[in-house]
Amino acid sequence: MSHGPRSGLAAVSSALLAMSRHLEVRDVLKTIVASARELLDAQYAALGVPDDHGGFAQFVVDGVSEEQWKAIGPLPRQHGILAAMLHEARSERLADVRKDPRFEGWPKAHPDLVDFLGLPIRDGDEVLGALFLANKNCERPEGGCGFTEDDEELLGILAQHAAIALTNARLYERSRELTIAEERSRLAHELHDAVSQKLFSLRLTAQAAARLVDRDPSRAKGELQQVAALAAEAADELRAAVVELRPAALDEDGLVATLRTQIQVLDRAHSARVTFAGHGVKALPASQEEALLRVAQEALHNALRHSGADHVDVTLDRRGSGAVLRVTDDGGGFDPSAVRRAGRHLGLVSMRDRASGAGGTLTVDSAPDKGTVIEMEVPGG
């Protein structure tokens, strides 16, 4: 990710702007680490967010390949220099981390670190994480550290802004969780009020019909007709509740504009490049437009959160009177059959259900290290 040192106000500004573009905590962490490594021209950078059990809830590295990271093994514990930065909330600048009395070694596959610069990321008295760099790309003074006091000051400035970006990302995710919880609570309340009474009446009427079926078939028939009417009313209430969940932007802007807007937001919020192209698509039945939007959202979520993709491309093209949606990423890919055997679905079941419910089809083409293509086709009206 790094291609040599950058210096000056422009480089610092670029790093701070990059942090502020992201809303997801994981993306913020990755941007902080990459920015720190590039600004200070180090071989390695890492950031650990501590948990409450002596380990790390999240740990992000830059400068280590995926293969190396897998070979290193489990996440580190809070010990040695990491513990000092987290628990004592002070910076550390060392000529050779291996010679520090607190050094406790590292796994066999771990890269060899020498000079070291680390400091905590703090929000007031709370330590949000530990940011550290190793192996400065420079000529080291005899017995000294490649990282300078200026480097430490620069990293301190970056850490202050990292704390703001990380706090904002946490607040955003918490706000989103609360919004989802509130919406679920509201929907549950409305469903209870709108449907439960009809279902209760339906149950009583069905029981009455069962008691009358032998001794008064005529009355039993009337009760069964009432059961059918109540069931239809309950179905209408449920349908109305589901329709209410239809994204308002679909009705206001249409599917193409809604997808384009959402993908522009994702492109700004994630490090991966996310693009959209729509060609000749006409208005589709409401159920098909909503299904296409939901499948696109689920596929984008998987690509941006799980695949490690650098590029995600979304296209929506006209096909006959219908349309075909295609979400393509260059990420790690997966074996769909292995995912099913493991009991994990990555949303594939819900995507297939949405496609079939809209009268369409869904295909998934993926393999390890080959990326993923998810395609959904609907017939139109």
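The legends below describe an overview and several close-up views of a predicted model.

**Figure 1. Overview of the predicted protein model.** The protein has 11 helices and 10 strands. It contains 381 residues, and 39% of them are buried. Among contacts with a separation of 6 or more, 62% join residues 24 or more positions apart. The accessible surface comes to about 20600 Å². Carbon and sulfur atoms hold 52% of that surface.

**Figure 2. Helix H9 packed against helix H11.** H9 spans residues 286–306, and H11 spans residues 348–357. Two packed helices are described by the angle between their axes and the distance between the axes. Here the axes come within 9 Å and cross at roughly 165 degrees. An angle over 145 degrees counts as roughly antiparallel, so H9 and H11 are roughly antiparallel to each other. Their crossing is left-handed. From H9, the contact uses Ala291, Arg294, Val295, Glu298, Ala299 and Asn302. From H11, Ser350, Met351 and Arg354 take part. By type, the residues of this contact are four nonpolar, two polar and three charged.

**Figure 3. Proline 285, in the loop that leads from strand E6 to H9.** E6 covers residues 273–279. Proline 285 has a relative accessible area of 28% and is partly exposed. Which residues does proline 285 contact, leaving aside its neighbours within four places in sequence? They are Gly380 and Gly381. Alanine 358 is 73 residues away from proline 285 in sequence. The C-alpha atoms of proline 285 and alanine 358 are 9.0 Å apart.

**Figure 4. Helix H4 and the strands around its buried residues.** H4 runs over residues 80–87. Why is H4 described as largely enclosed by the rest of the structure? Seven of its eight residues are buried. They are Gly80, Ile81, Leu82, Ala83, Ala84, Met85 and Leu86. These buried residues pack against five strands by name: E1 (42–50), E2 (56–62), E3 (92–94), E4 (116–123) and E5 (126–136). Alanine 89 follows H4 and has a positive phi, near 50 degrees.

**Figure 5. Leucine 75, in the loop between helix H3 and H4.** H3 covers residues 66–72. Leucine 75 is partly exposed, with a relative accessible area of 37%. Not counting residues up to four places away in sequence, leucine 75 touches Phe56, Phe59 and Trp69. Phenylalanine 59 and leucine 75 are 16 residues apart in sequence. Their C-alpha atoms are 7.1 Å apart in space.

**Figure 6. Aspartate 41 and asparagine 135, two residues with positive phi.** Aspartate 41 is not a glycine, yet its phi is about 55 degrees. It is found in the loop between helix H2 (25–40) and E1. Buried or exposed: how does aspartate 41 count at 13% relative accessibility? The cut-off for buried is under 20% relative accessible area, so aspartate 41 counts as buried. Asparagine 135 lies in strand E5. Its phi is near 65 degrees, again positive in a residue other than glycine. Asparagine 135 is buried too, with a relative accessible area of 6%.

**Figure 7. Arginine 98, in the loop between E3 and E4.** At 35% relative accessibility, arginine 98 counts as partly exposed. Leaving aside neighbours within four places in sequence, arginine 98 is in contact with Phe103, Trp106, Asp112, Leu113 and Val114. One of these, Val114, is 16 residues from arginine 98 in sequence. The C-alpha to C-alpha distance between arginine 98 and valine 114 is 6.7 Å.

**Figure 8. Valine 227 in helix H6.** H6 takes in residues 217–244. Valine 227 counts as buried, at 17% relative accessibility. What does valine 227 touch, not counting residues up to four places away in sequence? Its partners are Leu202, Thr205 and Ala206. Serine 201 is 26 residues from valine 227 in sequence. C-alpha to C-alpha, valine 227 and serine 201 are 8.4 Å apart.

Key
Residues are numbered from 1 along each chain as its sequence is written. This is a predicted model: local features need pLDDT of at least 70, side-chain atom pairs count only at pLDDT 80 or more; totals for chains, interfaces and linings use all residues. Side-chain values use heavy atoms; hydrogens and water are left out. Helices (H or I, at least four residues) and strands (E, at least two) are DSSP runs, numbered from the N terminus. Buried means under 20% relative accessible area, exposed over 50%, partly exposed in between (1.4 Å probe, protein chains only). Contact means heavy atoms within 4.5 Å. Accessible areas come from the Shrake-Rupley method with a 1.4 Å probe; for residues, only the protein chains shown count as cover. Axes are lines fitted to C-alpha atoms, for helices over the stretch in contact, and angles run from 0 to 180 degrees between N-to-C directions. Angles under 35 degrees count as roughly parallel, over 145 as roughly antiparallel, 65 to 115 as roughly perpendicular and the rest as oblique. A crossing is left-handed if the near helix is turned anticlockwise from the far one by less than a right angle, and right-handed if clockwise. Ala, Val, Leu, Ile, Met, Phe, Trp, Tyr, Cys and Pro count as nonpolar, Asp, Glu, Lys and Arg as charged, and the others, Gly among them, as polar.
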